[in-house]
Amino acid sequence: FIQYFKRRTKAPVLKPERMRSAEEIAREAIERLLVRKLVEQGHFKQFYLELSEIIKRFLGSNLGVHSLERTTEEFTRDLRDVSVPSAQYRMIREFLEDCDLVKFAKYRPGTAEVEQIIARSRAMIDGMTEASLKPQEVEVNQ
């Protein structure tokens, strides 16, 4: 029995040619979401829910913050714990709160607001590299 397991050939482990970055994955997810035309069909809540999850996953993977099934309050509190710069923290929080308005308060955004939230999500992905999201270094005065 032991000799059988030692002699059998193992299947080669296939490695991907290249790993996709979190930015690429998030951009592709947004494009797939837009192709589904949820906004045109009047499914604003579903659209905003999925868009906010895409951004949370992107930020979570870059920062090492647990993002799945977290409320905006929990997620933003975790962002504070990893010392995200205040300007970026405000931008993230405002984006997620705007999404929450549609998801939970039954707010129906206009066409311009939908286009703006899409542009903001893309800008967050484009503008937030891993280097800009690293915790701030604290200078020590001597």
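A contact, as the word is used here, means heavy atoms within 4.5 Å. This is a predicted model, in which local features need pLDDT of at least 70 and side-chain atom pairs count only at pLDDT 80 or more, while totals for chains, interfaces and linings use all residues. Residues are numbered from 1 along each chain as its sequence is written, and side-chain values use heavy atoms, with hydrogens and water left out.

Of the 142 residues of the protein chain, 35% count as buried, where buried means under 20% relative accessible area, exposed over 50% and partly exposed in between, with a 1.4 Å probe and protein chains only. Among contacts with a separation of 6 or more, 63% come from residues 24 or more positions apart.

Next select helix H4, residues 72-81, and show the side chains of Thr72, Phe75, Thr76, Asp78 and Leu79, which are buried. Looking down the axis of H4, you will find that these buried residues fall within an arc of 155°, so they line one face of the helix; the arc is that of the directions from the helix axis to the C-beta atoms. The buried residues of H4 pack against H3 and helix H5 (86-104), whereas Glu73 and Asp81, on the other side of H4, are exposed. Following H4 is Ser83, whose phi is positive, near 60°.

Now select Phe47 and Tyr48, both of which are buried. They form an aromatic pair that is edge-to-face, with 5.7 Å centre to centre and 75° between the planes. Rings of Phe, Tyr and Trp (its six-membered ring) pair if their centres lie within 6.5 Å, and planes under 30 degrees apart count as stacked, over 60 as edge-to-face and the rest as tilted.

Finally, select Leu34, Val39, Glu40, Val114 and Ile118, which lie nearest the centre of the largest pocket among its 14 lining residues. A pocket is an open set of points on a 1 Å grid over the protein atoms alone, where a 1.4 Å probe fits, with protein on both sides within 12 Å along at least five of seven lines; lining residues have an atom within 4 Å of a point. The largest share of this lining, four residues, comes from H6.

Conventions
Helix = DSSP H or I, 4+ residues; strand = E, 2+ residues; numbered from the N terminus.
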